[in-house]
Amino acid sequence: MNPGNLNRRIEIIKEDKISDGSGGYEIGFTPLRTVWGNIKSVGGRERILAMQAQAEITHKITIRYTEDLKKSHLLSFNKNLYDVQYIVNIDEENKFLEISVLRRDWSKWKLLLKLKVLAKL
């Protein structure tokens, strides 16, 4: 991987439960850090192979190695949120991570978020 290809600002975000002050909670987002990365959309063949492995992916993001990234985190680029599906330490060299992600569909996600919050009340 050529470090010069890491030319996009990718934000690592933690999804948090934030108290609403009346005993419930709301889902909020806490930015953890911003890193340089590269983002590519996944072609049809890779998408089919990913679906066979039981996790759909839409993009692959490459960043410099960090131990801070967890599968529970979200990535943000260009006003889009991405759920982390897989994290691969390329060649086990602790230099770069290849992250397979699924871009969130906000209309469906907002509906699910409302249902989750209502189910907790």
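Two residues are said to touch, or to be in contact, when they have heavy atoms within 4.5 Å of each other. This definition will be needed throughout the explanation that follows.

The structure is a predicted model, in which local features need pLDDT of at least 70 and side-chain atom pairs count only at pLDDT 80 or more, while totals for chains, interfaces and linings use all residues. Residues are numbered from 1 along each chain as its sequence is written, and side-chain values use heavy atoms, with hydrogens and water left out.

The protein chain contains two helices and six strands. These elements are DSSP runs numbered from the N terminus: helices are H or I runs of at least four residues, and strands are E runs of at least two. Along the sequence they follow the pattern β-β-α-β-β-β-β-α. Among contacts between residues at least 6 apart in sequence, 52% join residues at least 24 apart.

A residue is called buried when its relative accessible area is under 20%, exposed when this is over 50%, and partly exposed in between, using a 1.4 Å probe and protein chains only. Of the 121 residues in the protein chain, 35% are buried.

In soluble globular proteins, nonpolar side chains tend to be buried together. A nonpolar core is a set of buried Ala, Val, Leu, Ile, Met, Phe, Trp, Tyr and Cys residues joined through side-chain atoms within 4.5 Å. The largest such core here has 14 residues, of which Ile 61, Ile 63, Leu 69, Leu 75 and Ile 99 touch the most other members. Two or more residues of this core come from each of β1 (8-19), β2 (25-41), β3 (59-64), β4 (74-77), β5 (80-89) and β6 (96-103). Strand β6 gives the largest share, three residues. Leaving aside residues up to four places away in sequence, Leu 69 touches Ile 12, Ile 63, Leu 75, Ile 87, Leu 97 and Ile 99.

Phe 77 belongs to strand β4. Because its relative accessibility is 19%, Phe 77 counts as buried.

Arg 104 lies in the loop between β6 and α2 (106-120). Arg 104 is buried because its relative accessible area is 11%. Its side chain makes a polar contact with the side chain of Asp 83 at 2.9 Å. A polar contact is a pair of N or O atoms within 3.5 Å; within protein, one must be able to donate a hydrogen and the other to accept it, and residues adjacent in sequence count only if both atoms are side-chain atoms.
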